[in-house]
Amino acid sequence: KIVFKNATLQVLNSAYAHSNVEAEWRGSCLDLHAQMTRAMHLRTPVAFIFQCQGPTPQFNVYDLVHISPIINNQNKVLGVLAIGRDHGFYKQMESQEIRRREYYLRALLDTFPFMVWMKDKESRFLACNDAFAKVAKQLSVHDLEGKTDYDYFAAEAAASYVEGDLEVMRTGACKMNIEPIVKSDGETHWAETFKSCVVVNDEVI
(Lines give C-alpha, C1' and ligand atoms only; values in the text may rest on other atoms or scores of the structure.)
Protein backbone atom coordinates (compact mmCIF):
# COMPACT_ATOMS: atom_id res chain seq x y z
CA LYS A 1 0.00 0.00 0.00
CA ILE A 2 1.41 3.39 -1.03
CA VAL A 3 1.18 5.89 1.84
CA PHE A 4 2.87 8.84 0.12
CA LYS A 5 3.29 10.10 -3.45
CA ASN A 6 5.07 13.32 -4.31
CA ALA A 7 3.66 15.87 -6.74
CA THR A 8 5.70 14.55 -9.68
CA LEU A 9 4.30 11.05 -9.36
CA GLN A 10 0.78 12.40 -9.01
CA VAL A 11 1.19 14.41 -12.22
CA LEU A 12 2.47 11.33 -14.06
CA ASN A 13 -0.45 9.23 -12.83
CA SER A 14 -2.86 11.86 -14.13
CA ALA A 15 -1.05 12.16 -17.47
CA TYR A 16 -1.11 8.41 -18.14
CA ALA A 17 -4.66 7.85 -16.92
CA HIS A 18 -7.10 7.11 -19.77
CA SER A 19 -4.29 7.59 -22.33
CA ASN A 20 -3.30 5.19 -25.10
CA VAL A 21 -0.32 4.05 -22.98
CA GLU A 22 -2.14 3.60 -19.68
CA ALA A 23 -1.68 -0.18 -19.83
CA GLU A 24 2.08 0.21 -20.33
CA TRP A 25 2.21 2.60 -17.37
CA ARG A 26 0.36 0.13 -15.16
CA GLY A 27 2.74 -2.61 -16.27
CA SER A 28 5.77 -0.47 -15.39
CA CYS A 29 4.23 0.32 -11.99
CA LEU A 30 3.72 -3.40 -11.36
CA ASP A 31 7.40 -3.99 -12.16
CA LEU A 32 8.30 -1.26 -9.68
CA HIS A 33 6.06 -2.78 -7.00
CA ALA A 34 7.74 -6.13 -7.61
CA GLN A 35 11.12 -4.54 -6.96
CA MET A 36 9.76 -3.00 -3.75
CA THR A 37 8.61 -6.42 -2.60
CA ARG A 38 12.03 -7.83 -3.49
CA ALA A 39 13.78 -5.15 -1.40
CA MET A 40 11.59 -6.01 1.60
CA HIS A 41 12.13 -9.74 1.13
CA LEU A 42 15.91 -9.39 0.80
CA ARG A 43 15.99 -6.68 3.50
CA THR A 44 18.52 -4.80 1.39
CA PRO A 45 18.46 -1.78 -0.95
CA VAL A 46 17.99 -2.38 -4.68
CA ALA A 47 18.24 -0.15 -7.75
CA PHE A 48 15.81 -0.30 -10.64
CA ILE A 49 15.41 1.47 -13.98
CA PHE A 50 11.78 2.61 -14.15
CA GLN A 51 10.84 3.50 -17.70
CA CYS A 52 7.75 4.08 -19.78
CA GLN A 53 6.97 5.95 -22.99
CA GLY A 54 4.50 8.70 -22.18
CA PRO A 55 1.40 9.84 -24.03
CA THR A 56 3.55 12.82 -25.10
CA PRO A 57 7.37 13.16 -25.04
CA GLN A 58 7.31 15.45 -22.01
CA PHE A 59 5.94 12.58 -19.92
CA ASN A 60 8.49 9.97 -21.01
CA VAL A 61 9.94 8.34 -17.92
CA TYR A 62 13.44 6.92 -17.59
CA ASP A 63 14.34 7.08 -13.91
CA LEU A 64 16.92 5.35 -11.77
CA VAL A 65 14.97 4.34 -8.66
CA HIS A 66 16.70 3.49 -5.38
CA ILE A 67 14.52 1.31 -3.14
CA SER A 68 15.39 0.83 0.53
CA PRO A 69 13.52 -1.29 3.09
CA ILE A 70 12.36 0.51 6.25
CA ILE A 71 13.34 -1.58 9.28
CA ASN A 72 12.47 -0.63 12.89
CA ASN A 73 14.41 -1.20 16.10
CA GLN A 74 12.80 -4.64 16.48
CA ASN A 75 14.27 -5.63 13.12
CA LYS A 76 10.82 -5.67 11.57
CA VAL A 77 10.33 -4.53 7.98
CA LEU A 78 7.72 -1.76 7.98
CA GLY A 79 7.80 -0.94 4.28
CA VAL A 80 10.04 0.61 1.64
CA LEU A 81 11.22 4.03 0.57
CA ALA A 82 11.59 4.52 -3.19
CA ILE A 83 13.36 7.58 -4.60
CA GLY A 84 13.69 8.07 -8.34
CA ARG A 85 15.69 10.56 -10.34
CA ASP A 86 15.77 11.20 -14.05
CA HIS A 87 18.60 9.04 -15.38
CA GLY A 88 19.66 12.03 -17.47
CA PHE A 89 20.63 13.68 -14.18
CA TYR A 90 23.28 11.02 -13.64
CA LYS A 91 24.52 11.40 -17.22
CA GLN A 92 24.86 15.12 -16.57
CA MET A 93 26.78 14.51 -13.35
CA GLU A 94 29.04 12.04 -15.17
CA SER A 95 29.69 14.61 -17.90
CA GLN A 96 30.54 17.25 -15.29
CA GLU A 97 32.97 14.84 -13.61
CA ILE A 98 34.68 14.15 -16.95
CA ARG A 99 35.02 17.89 -17.62
CA ARG A 100 36.40 18.44 -14.12
CA ARG A 101 39.07 15.78 -14.70
CA GLU A 102 39.92 17.33 -18.06
CA TYR A 103 40.44 20.70 -16.32
CA TYR A 104 42.75 19.04 -13.79
CA LEU A 105 44.74 17.33 -16.54
CA ARG A 106 44.98 20.57 -18.51
CA ALA A 107 46.19 22.45 -15.42
CA LEU A 108 48.79 19.74 -14.81
CA LEU A 109 50.06 19.84 -18.38
CA ASP A 110 50.35 23.61 -18.45
CA THR A 111 52.19 23.64 -15.11
CA PHE A 112 55.13 21.76 -16.65
CA PRO A 113 57.84 24.21 -17.83
CA PHE A 114 58.90 21.76 -20.55
CA MET A 115 57.07 20.69 -23.70
CA VAL A 116 54.45 17.92 -23.47
CA TRP A 117 52.50 16.55 -26.40
CA MET A 118 50.47 13.50 -27.38
CA LYS A 119 49.88 12.09 -30.86
CA ASP A 120 47.72 9.40 -32.43
CA LYS A 121 48.99 6.49 -34.57
CA GLU A 122 49.15 8.80 -37.59
CA SER A 123 51.38 11.26 -35.68
CA ARG A 124 48.56 13.82 -35.49
CA PHE A 125 48.54 15.94 -32.36
CA LEU A 126 45.84 15.01 -29.87
CA ALA A 127 46.92 17.34 -27.09
CA CYS A 128 49.84 19.47 -25.94
CA ASN A 129 50.65 22.00 -23.28
CA ASP A 130 51.26 25.75 -23.48
CA ALA A 131 55.04 25.32 -23.66
CA PHE A 132 54.74 23.25 -26.83
CA ALA A 133 52.18 25.63 -28.37
CA LYS A 134 54.59 28.52 -27.86
CA VAL A 135 57.39 26.68 -29.66
CA ALA A 136 54.98 25.99 -32.53
CA LYS A 137 53.98 29.68 -32.39
CA GLN A 138 50.31 28.93 -31.80
CA LEU A 139 48.07 31.06 -29.60
CA SER A 140 46.06 28.09 -28.32
CA VAL A 141 46.88 24.47 -27.59
CA HIS A 142 43.70 23.57 -29.46
CA ASP A 143 45.12 25.01 -32.69
CA LEU A 144 47.48 22.04 -32.96
CA GLU A 145 44.80 19.36 -32.64
CA GLY A 146 44.67 17.20 -35.77
CA LYS A 147 47.82 18.79 -37.22
CA THR A 148 51.23 17.12 -37.70
CA ASP A 149 54.87 18.08 -37.28
CA TYR A 150 54.94 19.01 -40.98
CA ASP A 151 52.58 21.90 -40.25
CA TYR A 152 55.03 23.58 -37.86
CA PHE A 153 58.56 22.32 -38.42
CA ALA A 154 61.00 22.02 -41.30
CA ALA A 155 60.24 19.01 -43.51
CA GLU A 156 63.48 17.14 -42.76
CA ALA A 157 63.08 17.65 -39.01
CA ALA A 158 59.39 16.70 -39.14
CA ALA A 159 60.23 13.46 -40.94
CA SER A 160 62.72 12.64 -38.20
CA TYR A 161 60.16 13.29 -35.46
CA VAL A 162 57.57 11.06 -37.17
CA GLU A 163 60.13 8.29 -37.68
CA GLY A 164 60.86 8.45 -33.96
CA ASP A 165 57.13 8.09 -33.22
CA LEU A 166 56.85 5.05 -35.47
CA GLU A 167 59.90 3.42 -33.90
CA VAL A 168 58.47 3.78 -30.40
CA MET A 169 55.10 2.36 -31.47
CA ARG A 170 56.76 -0.46 -33.40
CA THR A 171 59.08 -1.57 -30.60
CA GLY A 172 57.05 -0.55 -27.57
CA ALA A 173 60.26 0.73 -26.00
CA CYS A 174 60.72 4.22 -24.58
CA LYS A 175 63.15 6.46 -26.40
CA MET A 176 65.30 9.31 -25.12
CA ASN A 177 67.16 11.52 -27.52
CA ILE A 178 68.78 14.92 -27.90
CA GLU A 179 67.55 16.38 -31.15
CA PRO A 180 67.10 19.76 -32.84
CA ILE A 181 63.72 21.44 -32.87
CA VAL A 182 63.82 23.14 -36.27
CA LYS A 183 60.95 25.50 -36.96
CA SER A 184 59.64 26.17 -40.43
CA ASP A 185 61.38 29.58 -40.44
CA GLY A 186 64.76 27.90 -39.76
CA GLU A 187 64.98 28.86 -36.07
CA THR A 188 66.59 25.96 -34.21
CA HIS A 189 66.55 24.84 -30.58
CA TRP A 190 68.11 21.73 -29.06
CA ALA A 191 65.97 19.63 -26.76
CA GLU A 192 66.16 16.40 -24.81
CA THR A 193 63.07 14.41 -25.77
CA PHE A 194 61.45 11.40 -24.18
CA LYS A 195 58.91 9.35 -26.13
CA SER A 196 56.73 6.53 -24.86
CA CYS A 197 53.69 4.62 -26.12
CA VAL A 198 50.27 5.44 -24.69
CA VAL A 199 48.47 2.16 -24.03
CA VAL A 200 44.75 1.85 -23.25
CA ASN A 201 43.17 -1.58 -22.74
CA ASP A 202 46.36 -3.24 -23.99
CA GLU A 203 46.23 -1.27 -27.26
CA VAL A 204 48.60 1.46 -28.39
CA ILE A 205 46.51 4.51 -29.20
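Hi everyone. By a salt bridge I mean a side-chain nitrogen of Lys or Arg within 4 Å of a carboxyl oxygen of Asp or Glu. With that in hand, here is the part I like in this predicted model: K119, D149, D165 and K195 are linked in a network of such bridges. The structure holds 8 salt bridges.

Let's look at one pair from that network. K119 and D165 meet with N and O 2.8 Å apart. K119 sits in strand β4 and D165 in helix α5, so this contact ties together parts that are 46 residues apart in sequence. Are these two partners buried or exposed? K119 is buried, at 13% relative accessible area, and D165 is buried too, at 11%.

E22 bridges to R26, with the closest N and O atoms 3.0 Å apart. The two residues are 4 apart in helix α2, so about one helical turn separates them. R26 is exposed, at 53%.

Now to the second largest pocket, which holds about 680 Å³ of space. Its lining has 26 residues, and W117, M118, F194, K195 and S196 lie nearest the centre. Which strand gives the most to this lining? That is β7, with 6 residues. The lining divides into 16 nonpolar, 5 polar and 5 charged residues.

Last stop, the surface. I70, L78, L81 and I83 make a nonpolar patch of about 380 Å². Strand β3 supplies the largest share, 3 residues, while I70 belongs to strand β2 and is partly exposed, at 39%. Thanks, and I'm happy to take questions!

How values were computed. Residues numbered from 1 in each chain as written. Predicted model: local features only at pLDDT ≥ 70, side-chain atom pairs only at ≥ 80, totals over all residues. Heavy atoms only, no water. 1 Å grid on protein atoms, 1.4 Å probe; cavity = no way out; pocket = protein on both sides within 12 Å on 5 of 7 lines; lining within 4 Å. Points joined across faces, edges and corners; volume = space filled by probe spheres on them. Nonpolar A, V, L, I, M, F, W, Y, C, P; charged D, E, K, R; others polar. Patch = residues over 30% accessible without salt bridge, like charges linked within 9 Å, V, L, I, M, F, W, Y side chains within 5 Å. Areas by Shrake-Rupley, 256 points an atom, 1.4 Å probe, with all protein chains shown as cover. Buried < 20%, exposed > 50% of the residue type's maximum accessible area, 1.4 Å probe, protein only.
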